[in-house]
Amino acid sequence: MTDSSATVRPDRRAELAAGLAQVRARIADACAVVGRAQADVTMIAVTKTYPAGDALALAGLGVTDLGENRDQEAAGKAAEVAAAGVRPRWHFIGQLQRNKARSVVRYADVVHSVDSVRLARALGSAAAEREEPLDALVQVSIDGDPARGGALPGSADEGAGLEAVAAAVADAPALRLAGLMAVAPLGWEPERAFARLAEVAEAFRTLHPGATSLSAGMSGDLEIAIRYGATHVRVGSALLGMRPTLR
């Protein structure tokens with residue numbers, strides 16, 4: 001990382017504060033439209049590709065939840081933030097390889113992308129070293145495209161069916177089945193995608209009443225996701241600006 005909390009420029013802090021105010025206002029307005037309390041929706045600031053300094057600045061502005069999607073970047077950033085005496089709630093939101101499980105459980109508080117029984121078991125084994133259980137969300141495939149990741153609702157697949165993955169999470173003592181996550185498929189209107197997700201989530205909660213988290217919606221579609229019950233929205237560009245190009 002090249003930035004730290006001490007080197008965040010005043011103008012950058014002002015940019016982040018302005019973006020944060022706008023996103024919070026959008027969330028408040030979206031909640032008001034459907035009669036939900038704003039406190040029921042957690043904003044995850046997705047800091048992937050941004051320096052630790054931005055993460056620390058956001059924490060200083062009152063942001064409690066930060067999201068990353070690549071372990072190689074996230075592990076170092078989380079360590080740098082912790083070294084500055086700041087302890088946000090870290091969400092790992094990207095597709096996760098099993099060989100990264102042991103690293104991720106050292107800093108993440110929530111993993112949003114559990115999409116196979118094998119991954120659930122790997123996380124459960126790795127998380128046994130933790131003092132507290134790791135919150136795990138099962139990623140749902142809305143369109144059934146395996147290339148995008150996600151467990152398959154209604155499938156009897158013992159490795160990637162939604163119920164099989166949920167059972168693997170629930171059976172792991174070091175994991176807590178927290179709920180579901182999804183990404184709107186390419187080519188789908190958000191309304192269609194999140195309406196379908198809401199149906200899946202309603203059925204899922206009848207079997208797992210404690211798994212109430214629903215991670216859905218990003219900068220461009222968070223209002224629609226909130227309308228359909230999202231409890232967590234993952235916001236990057238609307239908060240931090242356009243992302244630097246990944247190398």
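Modeller: A definition is needed at the start: axes are lines fitted to C-alpha atoms, for helices over the stretch in contact, and angles run from 0 to 180 degrees between N-to-C directions. Helices (H or I, at least four residues) and strands (E, at least two) are DSSP runs, numbered from the N terminus. This is a predicted model, in which local features need pLDDT of at least 70 and side-chain atom pairs count only at pLDDT 80 or more, while totals for chains, interfaces and linings use all residues. Residues are numbered from 1 along each chain as its sequence is written, and side-chain values use heavy atoms, with hydrogens and water left out.

Biologist: At what angle do the axes of α6 and α7 cross?

Modeller: The axes of helix α6 (residues 162-170) and helix α7 (residues 190-207) cross at roughly 45° and come within 12 Å. The two helices are therefore oblique to each other; angles under 35 degrees count as roughly parallel, over 145 as roughly antiparallel, 65 to 115 as roughly perpendicular and the rest as oblique.

Biologist: Which residues of α6 and α7 meet?

Modeller: From α6, Leu 162, Glu 163 and Ala 166 meet Val 200, Phe 204 and Leu 207 of α7. Contact here means heavy atoms within 4.5 Å. By class, this contact has five nonpolar, no polar and one charged residues. Ala, Val, Leu, Ile, Met, Phe, Trp, Tyr, Cys and Pro count as nonpolar, Asp, Glu, Lys and Arg as charged, and the others, Gly among them, as polar.

Biologist: And His 208, is it buried or exposed?

Modeller: His 208 is buried, with a relative accessible area of 16%. Buried means under 20% relative accessible area, exposed over 50%, and partly exposed in between (1.4 Å probe, protein chains only). His 208 lies in the loop between α7 and β7 (213-215). Leaving aside neighbours within four places in sequence, His 208 is in contact with Glu 163, Ala 166 and Leu 177.

Biologist: Let us change topic. Why is α2 described as largely enclosed?

Modeller: Seven of the nine residues of helix α2 (residues 52-60) are buried, so the rest of the structure largely encloses this helix. Among the buried ones are Asp 54, Leu 56 and Leu 58. The buried residues of α2 pack against α1 (10-34), β1 (42-46), β2 (65-68), α3 (71-83) and α9 (237-240).

Biologist: How do α1 and α2 cross?

Modeller: Their axes come within 10 Å and cross at roughly 60°, and α1 and α2 are therefore oblique to each other. Arg 12, Arg 13 and Leu 16 of α1 make the contact with Asp 54, Ala 57, Leu 58 and Gly 60 of α2. That contact has three nonpolar, one polar and three charged residues.

Biologist: Finally, which residues touch the most other members of the largest nonpolar core?

Modeller: That core has 73 residues, and Ile 27, Met 43, Val 111, Leu 123, Val 138, Leu 180 and Leu 239 touch the most other members. A nonpolar core is a set of buried Ala, Val, Leu, Ile, Met, Phe, Trp, Tyr and Cys residues joined through side-chain atoms within 4.5 Å. Apart from neighbours within four places in sequence, Leu 239 is in contact with residues including Leu 16, Met 43 and Leu 58.
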